[in-house]
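Q: Please walk me through this model, one feature at a time. I would like the general idea and then the case at hand.

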Amino acid sequence: MKLVASYTSPYARKVRVVMAEKRIECDFVEENVWSLDTKVGVHNPLGKIPVLLLDDGLALYDSRVIAEYLDGVTPVARLIPDNGRDRVLVRRWEALGDGITDAGIAVFLEKKRPAAQQSPDWIARQLGKVNAGIAAAARELGDRDYCHGLSLTLADISLACGLLWLEFRMAEIKWREQHPDLASWIEKLEARQSFIDTVPRA
């Protein structure tokens, strides 16, 4: 297998953490989707990363599909419950983490446009989603060690990768100061080797 991605993408980090937790070996192919000569469209018509290239030539995208596929490759460290309410609740957390990330990226990209072309209303709307999502995560997590159940799941990975990306790209959002329980929770995750090995490279 090959993972086509970048070292700064929060969604690629999510997949890389999943691989590390499940001890799955995979070649990494660095790709910059903003480069004029990017080849990512050969594998994903949407022009997005990450893309997982399977040995039979099939390309999987996006991170949610890739994570689900990888979780079924080996029974080691199952990250998504098999069925029922537990599965839905983990995927709900994943949607929240990914949604915070989506809104954060929307702000980041808008601010890269020339100042005269930026939309303050759009930025405010997306920041509202970021802040509301973080507040909801903090409220639902409380002082627990994990988002769902008694061990690490895709819920924790998705939320953590989104929040850590915000710190990497939008340090002005002081979510650790505003939500101490989230800060305590993520500090434990940051100590895991899977997160240590996937810290973004600028």
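Q: Which handedness does the unit made by β1, α1 and β2 have?

A: Some ground rules come before the answer. This is a predicted model, in which local features need pLDDT of at least 70, side-chain atom pairs count only at pLDDT 80 or more, and totals for chains, interfaces and linings use all residues. Residues are numbered from 1 along each chain as its sequence is written, and side-chain values use heavy atoms, with hydrogens and water left out. Helices (H or I, at least four residues) and strands (E, at least two) are DSSP runs, numbered from the N terminus. A crossover is right-handed if, with the strands pointing away from the viewer, the path from the first strand over the helix to the second runs clockwise. Here β1, α1 and β2 form a right-handed β-α-β unit.

Q: In which sense do β1 and β2 pair, parallel or antiparallel?

A: Strands of a sheet pair through backbone hydrogen bonds, in either sense. Two strands count as paired if DSSP finds at least two bridges between them. β1 (residues 2-5) and β2 run parallel over 4 bridges. L3 has F28 of β2 as its bridge partner.

Q: What is the strand order of the open sheet?

A: The order is β2-β1-β3-β4, 4 strands with mixed pairing. β2 and β4 (59-60) are the edge strands, each pairing on one side only. The pairing of β1 with β3 is antiparallel, over 3 bridges. There, V4 has V51 of β3 as its bridge partner.

Q: Where is N32, and what does its side chain reach?

A: N32 sits in the loop between β2 (27-30) and β3 (51-53). A polar contact is a pair of N or O atoms within 3.5 Å; within protein, one must be able to donate a hydrogen and the other to accept it, and residues adjacent in sequence count only if both atoms are side-chain atoms. The side chain of N32 reaches the backbone nitrogen of W34 at 2.9 Å.

Q: Why does N32 count as partly exposed?

A: Buried means under 20% relative accessible area, exposed over 50%, partly exposed in between (1.4 Å probe, protein chains only). N32 is partly exposed because its relative accessible area is 43%.

Q: Which residues are the closest to the centre of the largest pocket?

A: Rolling a probe the size of a water molecule over the atoms shows where empty space is left. On a 1 Å grid over the protein atoms alone, a pocket is an open set of points where a 1.4 Å probe fits, with protein on both sides within 12 Å along at least five of seven lines; lining residues have an atom within 4 Å of a point. Grid points are joined across faces, edges and corners, and a volume is the space filled by probe spheres set on the points. The largest pocket has about 930 Å³. Of its 31 lining residues, S9, Y11, V33, I49 and I105 are the closest to the centre.

Q: Which helix gives the most to the lining of the largest pocket?

A: α3 gives the most, with 6 residues. α1 (10-22), α2 (63-73), α3 (84-112) and α5 (154-169) each supply at least two.
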